[in-house]
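Work through these exercises with the structure open beside you. Try each task before you read its solution.

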Amino acid sequence: MCKVESENITFECETGNYHTFCPISCVAWLYQKIEDSFFLVIGTKTCGYFLQNALGVMIFAEPRYAMAELEEPDISAQLNDYKELKRLCLQIKQDRNPSVIIWIGTCTTEIIKMDLEGMAPRLESEIDIPIVVARANGLDYAFTQGEDTVLAALVHRCPEMKQKTRNDFKGDSSADQRQNSIISVFSPKKHSKKECVVESHPPLVLFGSLPSTVTTQLTLELEKQGVHVSGWLPAQRYADLPVLNEEVYVCGVNPFLSRTATTLMRRRKCKLIGTPFPIGPDGTRAWIEKICSVFNIVPTGLEERENKIWEGLHDYLQLVKGKSVFFMGDNLLEVSLARFLMRCGMVVYEIGIPYMDKRFQAAELSLLEKTCKEVNSPMPRIIEKPDNYNQIQRIRELQPDLAITGMAHANPLEARGVSTKWSVEFTFAQIHGFTNARDILELVTRPLRRNQSLESLEWTKLVKSL
Amino acid sequence: MKLAYWMYAGPAHIGTLRVASSFKNVHAIMHAPLGDDYFNVMRSMLERERDFTPVTASIVDRHVLARGSQEKVVENITRKDKQEKPDLIILTPTCTSSILQEDLQNFVNRAASESKSDVILADVNHYRVNELQAADRTLEQIIRFYLKKAQKSGTLDCTKTEKPSANILGIFTLGFHNQHDSRELKRLLNDLGIQINQIIPEGGSILNLHNLVKAWLNLVPYREIGLITANYLKKEFNMPYVSITPMGVVDTAECIREIDVILKNNNYTSNVNFEQYIDHQTRFVSQAAWFSRSIDCQNLTGKKAVVFGDATHAASMTKILAREMGIRVSCAGTYCKHDADWFREQVQGFCDQVLITDDHTQVGDMIAQIEPSAIFGTQMERHIGKRLDIPCGVISAPVHIQNFPLGYRPFLGYEGTNQIADLVYNSFTLGMEDHLLEIFGGHDTKQVITKSLSTDSDLNWAPDGLAELNKIPGFVRGKIKRNTEKFAREKNINEITVEVMYAAKEAVET
């Protein structure tokens, strides 16, 4: 299937000299998502400096993450890794008492071959807190792929059977787990509701970390079609990780989760529903339709719903129509966003992307292709591992109306008269589902609206040598 | 291993990159994994830099791990040489590359033979030096490289300029108010009849470095960066230097007097009377001396303050507060552990205790214990102050974007004394006002009551709707609540559920 597509869309690969965030940045949103977690990034000053500067204000809010900063004796193995980690994890346990500690392996642990996966189970039993290991390093991954590695690691911690886990709880004497089972006893209403729905179709688990308001929206959206979501990976709390086994259908909400998808299929035998991602009303509709079709449900009122959303976007669509956009590529959301923006009437010159999993993104790619045909627009080039230097030459030639780019290039491009939007904002803003389509356009049109309000002033190019 | 989530000084390569990108037409290539080029973001965002930061990465990925960088680094250097035609390319090791132990010097040698630009390897050890030390070293390394080169080719001309002149060493990109300080120092030297020979590295050109030695003296305004270079120039070329930071009225005068001594040693009698100049500036141009006699400052007498920052700024600030304003510095501290002795000596007699640490929790604990009326520190202390309700003036890096003001805000020289007086005074009065408000119960009631559109509550929030509403961050909750209720009223909906909330959001009119 992917071969067919690649005949139509052109894929290119450049040098990989591009700017993106280090994947350890995923702790920024994941520690907030998983409320009872603690993220320990095992790395050097460089990692710490990045986190401290990239996450800015969050640092001062007593975050539930920290660096295990490796010093020279750690690198040269004068100190025992295991003992050092134990000391730090005990300190974390004492200060914060998290339900799970997630170790983030970095480039350095990779190079000195620190056996995190080997140490974690030992330490876990010693200090009695689950330790999950994710290797989110810059040697292998870019930016949002960090979340992918963490979620893939969490898959192994999801219970396999509902029944069995409950029995486990009864056998277990640990206090907070008992509390969990008590809570489930005291909320019978919720349960009965769940069970009656569950019978109509096999369990569905959605994966991808989204703010809880957005998970509610998407869950409700499916509920309207009679599709019940049995769980999310990740859940709000570590203890609430969803049940995963061969009966479970899984579906991703973000394009950068290919590793998680693979793990779900291979390790838990879950059935993956390959869909476009619920970004933009077109994507959301396609996402719901595909899920419904898998469960043999005929969706109702979706078309009207989508049209209604588009109507609501009318004012923004006027602004973006016919404008051109250039994605430099740094967070893997690019294909979905490009597809949405084409549907909005924009012309996409180039889709830069750090990594393209043609299998995981197959449905998204074919929707992109379909969109191209329907809006009668030329097929954009997809550039994997782009080269920022070359891209800037191309931006100079093409003079797009909007460049979606990282913060390293935004100000220099603006100074040269190219309007930009920081790509990072798409990662942190709420962009999923019907409800949030407006928020995407709010971001995309911001530089265009700024241009309108400053239109009468003539200083658009603010560098001397042009 | 150290448990940490905040650090005062960055990793070594940041220092090297700051030197490289301060010079004109110098390009740095980092030997680093993907994502380590965060420096570019900082420079572009904090300095609001209009030009592309001349830093690229030669990416270390899995393949490099398996087979070594091989041709990659050399290719990246030669490619950059062709693309940008820089005068100098600095290969910058990072923490990752330093444990890979590849022979980067060999790559540099090979690349140097193929490229038009000079190529050097920054000589810094990631695990032993921090950002500031690395910057200090790299600056010296570059200057040594070019002076040696000129010596070798016989083009080094050591004749001094006809009129007295000075180099200013240590003005940097991403330095705390460095741009403004640079302007102020230029003005100061100009007033004294001293020409500026070169300002290094900010805006300086590599091609002119051989002219450095023509200056009569070097001025090193900041303790952290530039001293190694100044010492090298003194040793090799017998150039005297002044390293007193001209911050505060007393030290600015000291700095000027030292310059005077150097000029006199060169048998030069200036037509500016230095003592007269100092006196005039102190009493009439700078407002700080007058401020310290004014009633305003009298009210600050004996108030407790805590000072923390890099060695230069923390030491100078401590002296200004204690010596020039009569404020009691309960504790002065620095994170420049490598320079602890100098710091202790500087602040001796001006504070009750000295704290040398790079652990921000220790600083926080100390502040909580002392409960000063004001803090003068870095961004971290500002946040500690926020938590403890103590005002804080930011006097040192690490900094945020707000410490890169567009307006003219030097810390050095006579205008600097004015800026500092304002900073100190504003920090304390704010604290005072706050305190009074607290005593008299404030301007208005503290709790902001959400203004609802309707007075009669005909609307019902269903439990799930209410729960959802509570998930929305506080600062927009009121607005969302109002909009939802407005929407519900229009649609004649009596009970607001989650669905209604999102339907309201989707209805365009927000």
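**Exercise 1. Into which domains is chain B divided, and what separates the centres of domain 3 and domain 4 of chain B?**

Solution. This is a predicted model. Start with the bounds. Domain 1 of chain B covers 12-129 and domain 2 covers 165-271. Domain 3 covers 290-440, and domain 4 covers 460-507. Now take the C-alpha centres. Those of domain 3 and domain 4 of chain B are 47 Å apart.

**Exercise 2. Describe how domain 2 of chain A touches domain 3 of chain A.**

Solution. Step one: find the domains. Chain A is assigned domain 1 (23-141), domain 2 (204-295) and domain 3 (302-457). Between the C-alpha centres of domain 2 and domain 3 of chain A lie 24 Å.

Step two: count the contacts. Domain 2 of chain A brings 34 residues, and domain 3 of chain A brings 32.

Step three: give the area. Interface size is often stated as the accessible area lost when the parts come together. Here domain 2 and domain 3 of chain A bury about 2600 Å² between them, with 65% of it on carbon and sulfur atoms. Ile279(A), Pro281(A) and Asp282(A) supply 25% of the area that domain 2 of chain A buries against domain 3, more than any other three residues.

Step four: look for charged pairs. There are three salt bridges between domain 2 and domain 3 of chain A. Asp282(A) and Arg339(A) form a salt bridge through their side chains, at 3.0 Å from N to O. That passes the test, because the cut-off is 4 Å.

Step five: name the helices. H12 (212-224), H13 (258-268) and H14 (280-294) of chain A each supply at least two residues of the domain 2 side that touches domain 3 of chain A. H14(A) gives the most, with nine residues.

**Exercise 3. Which strand of chain B pairs with strand S3 of chain A, and in which sense?**

Solution. Take S3 (residues 65-69) of chain A. Its partner is S1 (residues 2-4) of chain B. The pairing is antiparallel, over three bridges. Now pick one residue. Ala68(A) has Leu3(B) as its bridge partner in S1(B).

Technical notes:
Residues numbered from 1 in each chain as written. Chains lettered and ligands numbered in written order. Predicted model: local features only at pLDDT ≥ 70, side-chain atom pairs only at ≥ 80, totals over all residues. Heavy atoms only, no water. Pairing = 2+ DSSP bridges. Helix = DSSP H or I, 4+ residues; strand = E, 2+ residues; numbered from the N terminus. Domains from an automatic or database assignment. Contact = heavy atoms within 4.5 Å. Buried area = accessible area lost by both parts, 1.4 Å probe.
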